Structure formats: structure tokens, C-alpha cells
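The tour below goes stop by stop.

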Amino acid sequence: MTYYVTTPIYYVNAEPHLGHAYSTIAADILARHMRQRGEDVFFQTGTDEHGEPTALAAEREGVSPKELADRNSARFRELMPKINVSNDFFIRTSDPEHIAKVQEVMQRVHDNGHVYEGVYEGWYCPRCADFKTESELGPGNTCPIHEIELERQREENWFFRLSSFQDDLERLYEERPGFVVPEFRRNEALAFIKGGLEDVSLSRPNLSWGVPLPWDPGQVMYVWFDALLNYYTSLSYAREGEDLTDRFWPCDLHVLAKDILKFHAVIWPALLMAAGIERPRRMVIHGFLLMGEKKMSKSLGNVLDPFEVIDRFGADPLRFYCFREVSFGQDGSIAPSGFETRYESELANDYGNLASRTLAMIERYRDGVVPDAAPDAALAGGEDGLEGISAQVQELLDRVELTQALDAIWRRVRRLNRYVEEARPWDLAKDEGEAERLDQVLYSLAEGLRVVTLLLLPYIPETAEKLLDALGEESRELAELGSRGGGARIERIAPLFPKIETDA
Ligand SMILES: [Zn+2]
């Protein structure tokens with residue numbers, strides 16, 4: 001089976017920030033998880049480069065739009081290894097192969113009769129690269145996002161007959177209830193469709209930084225059409241000498257933030273229908289990470305700067321924190337003090353200590369070899385028992401419930417800690433007659449730690465890799481409790497999450 005997951009492509013005018021990292025890490029978690037399930041995965045991210053905002057910024061700097069795009073695209077490309085993202089391809093909408101494919105698809109849309117020439121008059125925000133409807137305008141005809149006064153523009157351009165897809169879109173939403181998740185976002189998109197769709201402008205005159213319309217090269221494509229098509233075009237050239245389209249299209253999942261819902265959930269499926277291309281299977285819409293309480297923290301000041309966090313703690317604690325603290329799909333607050341609390345109480349205490357205790361006891365009591373036994377029923381069953389945890393997490397991640405899946409795993413991490421306290425291996429070790437019981441406890445701990453660490457790998461890949469190596473586990477495939485016997489040789493390792501150093 002194949003699995004194709006995408007992030008939005010990031011507009012090159014912005015500085016890479018936590019919002020970009022958040023979308024990308026979400027997609028990375030799913031890509032890594034699906035690889036563990038043996039799926040043939042293709043994971044794509046990249047940059048959106050055309051349009052007026054880039055052209056204007058380049059003009060201000062006295063460089064060509066391409067030069068500006070080259071420089072800024074590189075900053076996004078550099079972000080990926082920093083946040084430890086395992087993308088298979090990085091698309092740029094200035095790639096000549098993308099441009100040629102966009103023209104081919106749009107020519108089909110044209111030939112199928114879904115475009116026409118007309119006059120557009122409306123309020124245009126050059127920084128959004130978007131026209132605003134009357135209901136979207138801020139006070140005094142301003143852009144509600146950029147708070148700048150907008151000018152009314154009148155242009156001859158080409159239109160896409162979005163209105164003619166009203167019924168088809170309603171049917172798509174009806175037939176596929178999981179097309180957009182979470183459900184409240186689906187309802188929002190559907191309400192927008194049912195409110196009546198208007199045709200949308202497809203091209204812009206008087207702009208050169210874009211993809212020329214093949215049937216009217218004096219006009220360039222409105223940047224959103226060119227950008228959305230990235231999800232499709234890349235497959236035709238991501239691998240030299242190979243076309244991956246049949247293998248990976250339709251895309252399994254688009255990950256995106258709520259501010260670009262309308263383009264993805266309404267215009268994008270309609271455009272694909274117009275071109276006779278299959279629609280993606282699903283899209284997940286996430287909320288914003290908002291900066292919470294401005295309480296001074298020990299080590300990070302009072303604003304959570306993702307790059308500072310990565311420099312000091314590595315990518316894993318940031319990856320963990322974002323999906324643990326804020327329920328994926330909702331808006332939520334993040335703060336340095338909250339980061340430190342999660343780091344200390346969950347990563348260092350719950351998980352780090354569990355790992356070091358387990359490894360230390362196996363070394364001390366069993367010469368570093370995991371004993372052979374059956375999993376303890378007390379750990380397998382009952383509340384937060386480990387039995388079936390892997391299947392449960394797979395089911396949650398199939399529904400793109402990233403935070404719920406992490407919570408399910410974490411309850412087992414805590415269960416393992418309670419198990420240590422209940423079973424008291426240090427007491428068992430004092431009594432020769434309890435040797436078999438000690439074997440069972442140490443085996444169950446090593447096995448439980450292995451199972452949860454395999455499940456945590458997509459969230460905290462660097463740490464999980466280190467710990468799985470220390471547990472003598474070579475496979476990265478998901479596993480259930482008891483699927484590996486004893487005999488593995490373990491290795492002691494330095495604390496996975498060292499104590500936070502405070503600035504003196
Ligand atoms: Zn704007």
C-alpha cells in the first residue's frame with residue numbers, strides 16, 4: 001500500500017516560524033508512522049514562490065523575483081533537518097517541470113470549458129494576493145489580516161467557473177464524510193459551499209512573476225492555482241526518469257492550517273474535477289499555536305522561540321511539546337514555562353527515568369541481557385494496560401488524531417512507571433526464590449518500553465532511535481507486547497533528557 005502526505009507549500013516571503021514547523025512535523029509524524037507499518041510513503045513539502053508579494057518584495061530590494069525566491073526558499077529547506085523532518089521531496093513552484101505540468105493541467109481545464117474571460121472588480125490585498133469579498137473586509141475597507149487600506153481594482157482576466165461545481169462539491173462532502181477533518185472544519189467548508197459559490201479569478205494581467213496561461217500568455221495564473229497544483233505536479237518529476245503519479249495519486253492526506261481552508265476544501269477539489277483528476281482522499285485542518293502567558297521561565301525567557309528551543313534541547317522536545325500541549329486541530333496556547341514543565345515532568349521524569357531504570361536493572365540483575373519470560377498479565381491488562389496499544393494508536397493515527405494517539409502512548413509510559421513501583425524488582429533481587437518472578441518483571445519492563453518507544457518514534461525520532469538501539473532492537477516495525485522474546489543485549493546510555501541548565 002502507498003501513503004502520500006503533504007504539507008502546505010510555504011510562501012517564500014515569510015520568515016520560517018513555529019507555524020511552518022508545526023504543519024511540517026504533523027506530516028512527518030504520519031509519514032514516519034506509516035513507514036513503520038510498511039507502507040510505501042511519499043512525503044512532500046516545499047515553497048510557494050510566485051505572485052505579487054514576492055515580486056513586490058524583490059522590487060523593494062532591487063533583486064529579481066527569482067533571486068529572492070532562491071534565497072528565501074533555501075531558508076525553508078534548511079528548516080527541515082533542524083526539526084528532523086524526513087520529507088522525500090522538496091518542491092519549488094519555480095521548478096520548470098512544475099510550471100510545464102501546471103500549464104498542461106490548466107490547458108485541460110480550459111479545453112473542458114471551465115474558464116471564461118471577464119472583468120473583475122473588487123478589493124484586492126497585494127499582501128494576501130487575494131481579493132476580499134465585502135463580508136471579509138475590515139473597517140474602512142481594510143484587509144482584516146494585514147490591516148492595510150485596500151484599493152478597488154478592475155481587471156480584465158480569466159475566471160474559473162467555481163459556481164458550476166456547487167452540486168458536485170456538495171455530493172463529494174456527502175459521499176465522503178471524512179474528506180475534511182476535524183468535523184467542525186468540514187462543516188465550516190460545507191457551509192461555505194452551501195452559501196453559494198461565485199466564480200473566481202484565475203489570472204492576473206500586468207504581472208510577470210507567475211505561470212503564463214498557455215492559451216493567453218499575456219496573463220499569469222493567479223498564484224493560488226499554481227500553488228495548489230504542486231501536490232499533483234511533483235509526482236511527475238520528483239524522481240528522475242520516473243513518473244510517480246499512478247503510484248501515489250490520489251494523495252492520502254493534505255496537512256494544512258485553518259487560514260487556507262477555503263482554497264483547499266473548496267477550490268482545490270473543484271479544480272481537480274475540472275481537469276478530470278481524482279480528488280485527494282482527505283485533508284486535516286489544524287489550528288494555531290498562540291503564545292500564552294508571558295511568565296518568565298528558567299531557561300527560555302518569556303517567548304517560546306522554536307529555534308532557541310532546538311538549539312538548547314534538540315528537535316525532539318519541541319516536537320513532543322507542540323503535539324502534547326495543544327490538541328491537534330484546535331487552537332492552543334504554548335509558553336516557555338509550559339515547555340519546561342512538560343520537559344521535566346514528562347520527558348525527563350516519566351520517560352527518561354523509566355528508560356534509565358529499566359536498563360540499569362537489567363544490567364545489574366541480569367548481566368545486561370533481557371531475560372526470557374511471558375509478559376506480566378498485570379501490565380498487559382487492566383486500566384491503561386499495554387495489550388493492543390499498537391493497534392489502538394494505529395487506529396487513532398488513521399483518523400489523524402495526533403494528540404490523542406500521543407496521550408494513549410503516554411498513559412502506557414505512566415503505567416510502566418507504576419508497574420515498577422508495584423513490582424519492586426529491587427526487593428525481588430534480594431530473594432533467590434523470586435528469580436523467576438524477577439525475570440518476568442524485567443522482561444515485561446523491557447518489552448513495554450520497547451513497544452511504547454516504537455510508537456513514540458514518529459514523535460521523538462532521535463531519542464527513540466537511541467533507546468531502541470540501547471534495547472538491542474534492530475527493527476523499527478510497530479509491535480505489540482510479547483512479540484519479542486528474551487535474549488537481547490542492552491546497553492546503558494546517558495540520560496535521554498538531561499536536567500535543564502538555568503541561566504545564572
Ligand atoms: Zn492582506
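This is a predicted model: local features need pLDDT of at least 70, side-chain atom pairs count only at pLDDT 80 or more; totals for chains, interfaces and linings use all residues.

**Stop 1: the zinc site**

Select the zinc ion and the residues around it. Which atoms coordinate the zinc ion? They are SG of C125, SG of C128, SG of C143 and ND1 of H146. Now check the geometry. Ideal angles for four tetrahedral donors are 109.5 degrees. Here the four donor atoms make angles of 101 to 114° at the zinc ion, and the site is tetrahedral. Along the chain, the donors follow the pattern C-x2-C-x14-C-x2-H.

**Stop 2: H114**

Is H114 buried or exposed? The relative accessibility of H114 is 17%, so H114 counts as buried; the cut-off for buried is under 20%. Show its contacts next, skipping neighbours within four places in sequence. With those set aside, H114 touches V109, F159, F160, R161, F165 and A274.

**Stop 3: helix 2 against helix 3**

Color two helices: helix 2 at residues 52-61 and helix 3 at residues 65-82. Two packed helices are described by the angle between their axes and the distance between the axes. For this pair the angle is about 100° and the axes are 8 Å apart. Helix 2 and helix 3 are therefore roughly perpendicular. Show side chains at the contact. Helix 2 contributes T54, A55, A57, A58 and E61, while helix 3 contributes P65, L68 and R71. By class, that contact has five nonpolar residues, one polar residue and two charged residues.

**Stop 4: two positive phi values**

Turn to the backbone torsions. Most residues other than glycine have a negative phi, and most peptide bonds are trans. Select N84 first. Phi of N84 is positive, near 60°, and N84 is not a glycine. N84 sits in the loop between helix 3 and strand 4 (89-92). With a relative accessible area of 22%, N84 is partly exposed.

Then go to V400. Phi of V400 is also positive, near 60°, in a residue other than glycine. V400 belongs to the loop between helix 15 (389-398) and helix 16. Its relative accessibility is 6%, so V400 counts as buried.

**Stop 5: two cis peptide bonds**

Where are the cis bonds in this part of the tour? One joins V181 and P182, with omega about -5°. Find P182 in the loop between strand 8 (180-181) and helix 6 (183-194). Another joins W249 and P250, with omega about 5°. P250 is in the loop between helix 9 (245-248) and strand 13 (253-257).

**Stop 6: R418**

Finish on helix 16, residues 402-423, where R418 lies. R418 is partly exposed, at 38% relative accessible area. Which residues does R418 contact, leaving aside neighbours within four places in sequence? The partners are E383 and D384. R418 and E387 are 31 residues apart in sequence, and their C-alpha atoms are 16 Å apart in space.

Technical notes
Residues are numbered from 1 along each chain as its sequence is written. Side-chain values use heavy atoms; hydrogens and water are left out. Axes are lines fitted to C-alpha atoms, for helices over the stretch in contact, and angles run from 0 to 180 degrees between N-to-C directions. Helices (H or I, at least four residues) and strands (E, at least two) are DSSP runs, numbered from the N terminus. Angles under 35 degrees count as roughly parallel, over 145 as roughly antiparallel, 65 to 115 as roughly perpendicular and the rest as oblique. Contact means heavy atoms within 4.5 Å. Ala, Val, Leu, Ile, Met, Phe, Trp, Tyr, Cys and Pro count as nonpolar, Asp, Glu, Lys and Arg as charged, and the others, Gly among them, as polar. Donors are N, O and S atoms within 2.8 Å of the metal (3.2 Å for Na, K and Ca); water is not among the atoms, so sites may look incomplete. Four donors count as tetrahedral if all angles lie between 85 and 135 degrees; four count as square planar and six as octahedral if opposite donors are over 155 degrees apart and all others between 65 and 115; anything else is irregular. Buried means under 20% relative accessible area, exposed over 50%, partly exposed in between (1.4 Å probe, protein chains only).
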